[in-house]
Amino acid sequence: MLIQVNSLTKELRHCKVLDNINLEFCSGKIYGIVGVNGSSKTMLLRALSGLIRPTSGEIIADGRTLHKDMDFPPDMGLLIEKPELLEQFSGLENLKMLAGIKNKISEARIIEWMQRFSLDAHSKQPVRKYSLGMKQKLGIIQALMEEPRLLILDEPFNALDAESARTLREVLLQCKEQDRLIILTSHHAEDIALLCGEVAEMQSGKALSVKTPPSTLPAGRAGAAGI
């Protein structure tokens with residue numbers, strides 16, 4: 001998969017929250033989006049996933065233009081901000097309902113994913129009683145479970161325990177080896193350094209493409225990137 005971002009601009013209330021962004025993302029890589037709070041990292045992910053329309057510019061996925069040839073990128077797994085869940089149902093029930101939209105995976109496969117992230121698939125506990133970390137795991141699983149070609153993940157490591165964070169890193173590296181495309185944001189310098197080969201640094205709605213892995217960036221530069 002190849003995603004091209006050409007002169008992307010988004011204005012809200014006459015303010016440019018995304019300002020003439022030009023980036024390219026291709027399969028077989030993990031890209032990091034970094035920056036301080038308010039730098040429009042999440043807004044960029046919303047644009048890439050088709051959740052907002054650009055004021056000008058375009059996003060092209062495999063030769064097809066978003067909001068012209070399609071509403072959303074094809075075969076996408078998405079986690080933006082807090083997972084949207086039906087809190088009166090259990091974790092397994094939530095995931096089964098989501099899986100029922102495409103009918104691509106079995107209940108047994110969903111249970112395997114839950115076990116991988118140390119969630120009890122057979123618990124009747126409603127999601128409203130889940131901890132923040134447990135809800136985050138469900139959000140991650142719903143994005144991963146159908147093995148999409150494109151993964152867009154906004155702060156996926158938030159609220160995860162150390163074991164689950166290691167599991168997620170392992171899964172994302174496996175996705176990379178499977179020639180899938182992963183784009184993520186994270187405030188954790190370790191995760192960016194371990195996972196991402198290329199980084200786009202957001203500054204006041206602008207994007208600066210950084211080719212050098214963050215682990216080798218000068219200390220001052222890394223601090224400016226908010227990682």
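These notebook entries record what I looked up in the structure above.

**Entry 1. Ground rules**

I am working with a predicted model, in which local features need pLDDT of at least 70 and side-chain atom pairs count only at pLDDT 80 or more, while totals for chains, interfaces and linings use all residues. Residues are numbered from 1 along each chain as its sequence is written, and side-chain values use heavy atoms, with hydrogens and water left out.

**Entry 2. Salt bridges**

I began with charged pairs. Side chains of opposite charge can pair when their charged atoms come close. How many salt bridges does the structure hold? I found twelve, taking a salt bridge as a side-chain nitrogen of Lys or Arg within 4 Å of a carboxyl oxygen of Asp or Glu.

I looked up Asp19 and Lys206, which form a salt bridge with their closest N and O atoms 2.7 Å apart. This pair links distant parts of the chain, as Asp19 is in strand E2 (residues 15-26) and Lys206 in strand E10 (residues 206-210), 187 residues apart. I note that helices (H or I, at least four residues) and strands (E, at least two) are DSSP runs, numbered from the N terminus. Asp19 is buried, at a relative accessible area of 16%, whereas Lys206 is partly exposed, at 45%. For these words I keep the cut-offs of under 20% relative accessible area for buried, over 50% for exposed, and partly exposed in between (1.4 Å probe, protein chains only).

I turned next to Lys29 and Glu198, a salt bridge whose closest N and O atoms are 3.1 Å apart. Lys29 lies in strand E3 (residues 29-34) and Glu198 in strand E9 (residues 198-203), so the pair ties together parts that are 169 residues apart in sequence. Lys29 is partly exposed, with a relative accessible area of 32%; Glu198 is buried, with 15%.

I then recorded the salt bridge of Arg46 with Glu81, at 3.0 Å from N to O. Here Arg46 is in helix H1 (residues 41-48) and Glu81 in the loop between strand E6 (76-79) and helix H2 (91-99); the two are 35 residues apart and link distant parts of the chain. Arg46 is partly exposed, at 25% relative accessible area, and Glu81 is partly exposed too, at 45%.

Which residues of H1 are buried? I listed Lys41, Thr42, Leu44, Leu45, Ala47 and Leu48. Six of the eight residues of H1 are thus buried, so this helix is largely enclosed by the rest of the structure.

Ser40 is placed in the loop between E3 and H1 and is buried, at 15% relative accessibility. Leaving aside neighbours within four places in sequence, Ser40 is in contact (heavy atoms within 4.5 Å) with Val17, Leu18, Met202 and Gly205. Gly50 follows H1 and has a positive phi, near 85 degrees.

I noted Ser7, a residue other than glycine with a positive phi near 50 degrees. Ser7 is in strand E1 (residues 2-12) and is partly exposed, at 35% relative accessibility. Asp62 is not a glycine either, yet has a positive phi of about 50 degrees. I located Asp62 in the loop between strand E4 (56-61) and strand E5 (64-65), partly exposed at 37% relative accessibility.

**Entry 3. Helix packing**

I looked up H2 and helix H3 (residues 107-116), which pack at an angle of about 130 degrees with their axes 10 Å apart. Axes are lines fitted to C-alpha atoms, for helices over the stretch in contact, and angles run from 0 to 180 degrees between N-to-C directions. The contact is made by Gly91, Leu92, Leu95, Lys96 and Ala99 of H2 and by Glu107, Ile110, Ile111 and Met114 of H3.

Helix H4 (residues 132-144) and helix H5 (residues 162-177) pack at about 15 degrees, and their axes are 12 Å apart. I record H4 as roughly parallel to H5, since angles under 35 degrees count as roughly parallel. Lys137, Ile140 and Leu144 of H4 make the contact with Ser164, Leu168, Val171 and Leu172 of H5.

Notes: Parallel < 35°, antiparallel > 145°, perpendicular 65-115°, else oblique.
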